[in-house]
Each structure stands twice: as C-alpha cells, then as structure tokens.
Amino acid sequence: YKKSKKNPVYLAKIAQALVARKQYPPAIKKINEAIEKSNGDPTFYLDRAKIYGKMGQPAYSFDDLKYYLTFYPNNTEAMELLPESAYNAGQYVDALWTLAKLIKTNPDNPRYHFLRGITYIKTEQPRLAIAELDIAIVNEYNVAEAYYHKGIALINLGEYPEACKCFSAS
C-alpha cells in the first residue's frame, strides 16, 4: 500500500496504530477518513466496529457489524463480535439470532451457550437461560459468572433456595 493520506489502507493502518496506543477518538477519525476516501468500502466498517467496541460504544459497534455482515455474511470474525455487541447495545433478538447461527456451526463452544444464557435472562426466558448456563458450567466456561446468572434466572422463577445455592457457588 502507498503511504499517502489519500490512501484508505494507509489511513486504516494509522487507525490501528492509534488503537494500539488506546487513542480511540483519533483512531475513529482516521478510520472515518478511510471510509470516506474509499467511497464507503465495507471492509473498513469492521475495523471501526472493533474500535467502537473498545471505546465502550456498543450501539455504534453493533450498527457497523450489521452493515459489514450485509456484504460479508459468513465472516467469522464479525459473527463472533456481533452477539456481545448486540447484547451490550440492548439488541437481544439480534444477539439470539446470531448465537443460534454460531451454535449451529459450533455446538460445543461453551462461550456461545453462556452468552445465549445471559441473553435469555434479558428476554425474560429464565428456563432457557438455565439450560444454556448449565452447558457453560458443565464445560467449565466462566463458571462463577454462569452460576451468578443462573441464580438470577432461578429468582425470576421464584426458586429462591436453588438461587441461593448458585450464588454460593459463584
């Protein structure tokens, strides 16, 4: 790539360097320039989504990931980022939809089950949440947090003694 302020790839590299130094607002500025100079090349939206994620801006990250996935629907990296971004942005249906796709392709990944479990709590489906969190617990993924969220799901069902056991295990 040519090192020029008109070259979008070069601008994206500068943005990556700024991210490495945790300089997120200037990184966003550079990646926006890359998007502008590339006439909206969707590949730069994934970069921007990751920067927004690091900045704690899940709604912007989610929007960019969704846009990117309209062009590259099978991109594993974007699919991996979308559920957490959607969850943090309050887009629980999108999180569940993406997790269903990910679990279909990789049913043994306990992280997906954990994320689906905590999302089911947000959508007021505690029984489904418990089933998913149990998979995470059995597979020793984020066990303390999984027990904590399972306790919350049990409280939502009115099963207080069982909830207390989960909180003790967390």
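The axes of helix α8 (residues 126-138) and helix α9 (residues 143-156) approach within 9 Å and cross at roughly 160 degrees, so that α8 runs roughly antiparallel to α9 (an angle over 145 degrees). Axes are lines fitted to C-alpha atoms over the stretch in contact, with angles from 0 to 180 degrees between N-to-C directions; helices are DSSP runs (H or I, at least four residues) numbered from the N terminus. The contact (heavy atoms within 4.5 Å) includes Ala-129, Leu-133 and Ile-137 of α8 and Ala-146, Lys-150 and Leu-154 of α9.

The model is predicted, with local features requiring pLDDT of at least 70 and side-chain atom pairs pLDDT 80 or more, whereas totals for chains, interfaces and linings use all residues. Residues are numbered from 1 along each chain as its sequence is written, and side-chain values use heavy atoms, without hydrogens and water.

The count of salt bridges (a side-chain nitrogen of Lys or Arg within 4 Å of a carboxyl oxygen of Asp or Glu) comes to 10. Among them, Lys-66 pairs with Asp-94 at 3.0 Å, N to O; Lys-66 belongs to helix α4 (residues 58-71) and Asp-94 to helix α6 (residues 92-105), 28 residues apart.

Glu-80, Glu-84 and Arg-111 are linked in a network of salt bridges. The closest N and O atoms of Arg-111 and Glu-80 are 3.3 Å apart, and this pair joins helix α7 (residues 110-122) to helix α5 (residues 76-88). Glu-84 meets Arg-111 at 2.8 Å, N to O; these two residues, in α5 and α7, are 27 residues apart in sequence.

Methods. Parallel < 35°, antiparallel > 145°, perpendicular 65-115°, else oblique.
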